[in-house]
Amino acid sequence: MLRRLQPTGPQSMRNPNIPVTVLLPVLALLIGATHAGQPATPAAMAAYADKLLDEQKLNRDGPGLTVLVARGDQLLYKGARGMASIELGVPMQPDQLMRVGSVTKQFAAATLLKLIDEGKCSFDDPLSKYLPDYPNGSKITLLQLLNHTSGVKSYTGISGYMRNQIRRDLSTAELIGEFKDLPVDFAPGEKWAYNNSGYVLLGAVVEAISGKSWHQALDDALLKPAQIGTVHYQAGDKLFKGLAQGYTLNGQREVAPAGFLSMTQPHAAGALIGNTEGLWRWNQALHGGKLISQASYDRMTAPEGPAKPRHYGFGIGTDRLRDQRVLTHDGGINGFSSSLSYLPASQVTVAILRNSDAPGFATGLMARKLAAFAIGAPFADQKPVAVPAEQLKGAEGVYTREDKATRTLRVQDGVLLSQRSGSGMAALIPLGMDRFAFPDSLSELRVERGADGKAAALTVFNNGDSDGERWTRSGELAAESAYLTLSPAQIQPLLGDYSAPQFAIKVFVDEKGVLRGQAPGQPSFALRARTPRQLHVPEVDAKLDFSAEEAQAASVTLLQAGKRLVMPRK
């Protein structure tokens, strides 16, 4: 269901009786009006955004989303699809409020940076200066909280925590008490690891310095001065007009209400709600130099130390798109997902909010396509072409990158498949001239052939980058593994739910009698037996080793990409 606000005029001016045969050429004309180097007009942007949303084939009566694209002060597109409340039949509106999840982190980071600008604290201050009782707090700096290098245990990774403990209302001190005495993951400053506990501690520091709650300090220092009135802390004892209902998928992969959590617990790591308009205004204020000093902003957006290889600043990640720098962050929280991006060179904002935490919508891909179109450098549509079978067979083999990672190309049922070590299998889309596209992606692969027609190397262009990574042919294709057919008596001990703090899997037999495995919120995969207790998931190059107990396997060990994870039976 589409409800779009067009910056060029009221919705009522559109004629619903124009024949489709007329609309299609007009649509092509509008989209084609933007060429490389020519920034998109609002009309062209609206036509292109609608086209992308149409391609997603969203259920008009299911969870929805809102999308905004702007360039500087100019609104290019603002629209909505789906339902804000399925139960009440309320359609999604473009200004609907939703949880923004970890997009909250840049708001919290900027609040602390404002205090640094005012001389009330410094990057090198130890955590113990503000939280004297925190273990090893003298070794943890405010900088390490900002860029995820503190090493403290992330409470959202504690076994079972996200099921029941997350439902409780906790004060800041009580929330810190949930993780402060747990073993650290690494010494402060030694490594980088995304960490929600670090931003809870950051919020606690803001509270200690300001004498206010972290969200009240954010309001007073940044949101109110910038006149941003549609970003809020979701207090549990307040009503927020226009707040959408959040959804997920249940065990039968049906749409269901999102699991409950107390919004006291996401804290400064993820407890804000907002709409796309508010996120746009935030981008304008933050990146326009209106909130924090230039020195603080430069450090916020320039990853340093162990965070540099991970392209992570302070609550903001860095990326590139069409040779432009992108400052971006995604969010995921019970019932909602979000994406906020900003391109400094062109002042383009792309904001996407969804009232579902279920997989199946390529938020990042859509954001990149919208941003590229807005700056006048759109990605061409992927149009598959027929390729002779012998040409595909000539590309089969194993390829190795400089860092020793491997990629295997194999033809199966007339389709060229690509599988990187430790990753899933992708069916490549032939574009002609030995170019192939990855599905649901902007990435492409180009085959380089020798005189004998066999592939000698690959170049992979990730996310539409102009610079590719080279993979050199290093071996012939190995024979495919032979799999066993397990009897019902062999299958029965494997069935059940297995769980660890980092991951969980359900092993079951589907209605067609196929043994399958499924992680929460993910599609299920067929499990293929190499032995009665070792199963293979070829799509993601993973192995499941079940323990040897005769009646019921007590645990399963996941082996993938050189890592090993033991999951006890629940």
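A charge sits over a ring if NZ of Lys or CZ of Arg is within 6 Å of the ring centre and within 35 degrees of the ring normal. Arg407 meets this over the face of Trp471, at 4.6 Å from the ring centre. The charged end of Arg299 sits over the ring of Phe123, 4.2 Å from its centre.

This is a predicted model, in which local features need pLDDT of at least 70 and side-chain atom pairs count only at pLDDT 80 or more. Residues are numbered from 1 along each chain, and side-chain values use heavy atoms, without hydrogens and water.

The structure holds ten aromatic pairs. Rings of Phe, Tyr and Trp (its six-membered ring) pair if their centres lie within 6.5 Å; planes under 30 degrees apart count as stacked, over 60 as edge-to-face and the rest as tilted. Two of the pairs involve Tyr312.

| Pair | Type | Centre to centre | Between the planes |
|---|---|---|---|
| Trp192 and Tyr312 | tilted | 5.8 Å | 55° |
| Tyr194 and Tyr312 | edge-to-face | 6.1 Å | 85° |

Both link distant parts of the chain. Trp192 lies in the loop between helix 5 (172-177) and helix 6 (196-210). Tyr312 lies in the loop between helix 10 (294-300) and strand 11 (317-321), 120 residues from Trp192. Tyr194 and Tyr312 are 118 residues apart. Helices (H or I, at least four residues) and strands (E, at least two) are DSSP runs, numbered from the N terminus.

Buried means under 20% relative accessible area, exposed over 50%, partly exposed in between (1.4 Å probe, protein chains only). Trp192 is buried at 16%. Tyr312 is buried at 6%. Tyr194 is partly exposed at 33%.

Elsewhere, Tyr134, Tyr155, Tyr161 and Phe179 form one aromatic cluster.
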